Amino acid sequence: MTSTPTEAEAADRATAAPGDHDRLTARATVTLLLLCAAQFIIALDFSILNVALPVLGEDLGMGQADLQWAVTAFALPSGGFLLLFGRVSDLFGRRRLFVAGLVLFTLASVLAAAAWNPALFLAARALQGFGAAAVVPAGMSLLTTTFPEGPQRNRALAVNGTVLSLGFTVGMLLGGVMTDRLGWRSTMSLLAAAGALLAIAAPVLLAESRPARRPQLDVPGAVTVTGGLLSIIYALSTAAEQGFGETEVIIALVLGVLLLVAFAAVEFRAAEPLISLQTLRRPSVALGNLGGLATFSMMSSVIFLLTLYLQQVLGLSGFETSLVFGGQGVVLALTGMAASRIVAALGARTTLVAGLALQSAGTAALVFLPGHGGVPLTLTALLLASVGHMSAVVSYGINATSSVSDHEQGLATGLVTSAQQIGITIGIPVLSAVAADRAAALERAGESVASALLGGTRLGVGVDAGLVMAAAVAIAVGLPRARPKG
């Protein structure tokens, strides 16, 4: 299937010299930097408050049970509206939605930094989530339509994947340092300043991009998939605090599943579906996104569980905990720089499978975390898992967007970004619930609080490693090898 590129896309592609198709033009380089910077600040927002939550709660008068909403209020719209905004970007222009999302994100960050009570702060976090839901799919569509399939797109996706994972990790580092030195409000001010710069630069540096033919909006599909995702994200976030046995959690899960089933039925009949089932049936798209969901959800969970372990079991300060994750950031950056070469040498499929397997192995080593002196094992296992994680991040995006025409890129990248954002959103509450249930059981059996938390962490990382390995096996079996050329 082919499509007619926009004038901007055709111009960018025409500037590449014959026989030098993997070299980025100056305009393409600037475009990549700007798009990656936007993805970076969105990823930063997912994690920068994690270490600051206790201080934030004390300042705003939020109870311990309510602190999860500082994360959930952002996660609900940012995960729930991704697919809808992916289609909206195709309808009304990818640059237009990208800029609008940045403006909303920036204003919401200003409001969050200035908030004087919990209600205002949580409203600002929700608005940040809406802005992120617009920026992420629009930015990914701009990326994949700017860079043609092959070496250029592989390199662009490698850089983007590196920046995205670094954003989550750097957020943990900056969150601890800035909260200790400047207070939690400085974290939101940083996001506001970065968002403002990008919102000013984007209209100047980015060309508008949309399909040659404007598609129709699948309203029933948009309503059912958005409602389904919101219900499931809400249920999982609530389960992390209250457990899966609560009536509220069960009702939300059942409602979410029913809405997603209804969404699938709607898509079978829609003239222009929100998700093309023909596209989703492609093994590269379906299994590529499975790899993305697994690697993002499980790595974010590991970081969250290790944050609790380092501070509440080993007794490290927020700053010392941030330094551990700083080492991870260096490894992620180095692996990301080499990832496109790894993919070129091994192929996207092999890199994805091997990356997931390595991430699983590193995570599995954390099952042996000790109650004292566990920093060396933590750091070694985390660095090993991070090499695999970054390899998987880069290669899953290549698998999931290959052989998809330009007019379907909004749909394809909507799936890619949904795997990223939903993975980060659901992984932490699911594994937190597993770890919390185990810790509670150990406490009831007479274990100390620290010992029970250690036991919960060990079970959580064990389940994490098993799920990543299951995804690696499924992809190895189900995703066909590329046929040799010639």
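This is a predicted model: local features need pLDDT of at least 70, side-chain atom pairs count only at pLDDT 80 or more; totals for chains, interfaces and linings use all residues.

Tutor: Residues are numbered from 1 along each chain as its sequence is written, and side-chain values use heavy atoms, with hydrogens and water left out.

Student: How many helices and strands are in the chain?

Tutor: Helices (H or I, at least four residues) and strands (E, at least two) are DSSP runs, numbered from the N terminus. Here the chain has 18 helices and zero strands.

Student: What share of the chain is buried?

Tutor: Buried means under 20% relative accessible area, with exposed over 50% and partly exposed in between (1.4 Å probe, protein chains only). Of the 486 residues in the chain, 57% are buried.

Student: Where do nonpolar side chains tend to go?

Tutor: In soluble globular proteins, they tend to be buried together. A nonpolar core is a set of buried Ala, Val, Leu, Ile, Met, Phe, Trp, Tyr and Cys residues joined through side-chain atoms within 4.5 Å. The largest one here has 111 residues, and F98, L102, F121, M188, L306, Y309 and L356 touch the most other members. Take F121: leaving aside residues up to four places away in sequence, its contacts (heavy atoms within 4.5 Å) include L49, L56, A70 and W184. A second, separate core has 13 residues, among them L76, L83, I233 and L236.

Student: How many residues of helix α5 are buried?

Tutor: In α5 (residues 82–92), 10 of the 11 are buried, so this helix is largely enclosed by the rest of the structure. The buried ones include R87 and D90.

Student: How do I read the angle between α5 and α6?

Tutor: Axes are lines fitted to C-alpha atoms, for helices over the stretch in contact, and angles run from 0 to 180 degrees between N-to-C directions. Under 35 degrees counts as roughly parallel, over 145 as roughly antiparallel, 65 to 115 as roughly perpendicular and the rest as oblique. The axes of α5 and α6 (residues 94–114) cross at roughly 125° and come within 6 Å, so the two helices are oblique to each other.

Student: And what is the angle between α15 and α16?

Tutor: Helices α15 (residues 348–365) and α16 (residues 375–401) pack at about 155°, their axes 7 Å apart. That makes α15 roughly antiparallel to α16.
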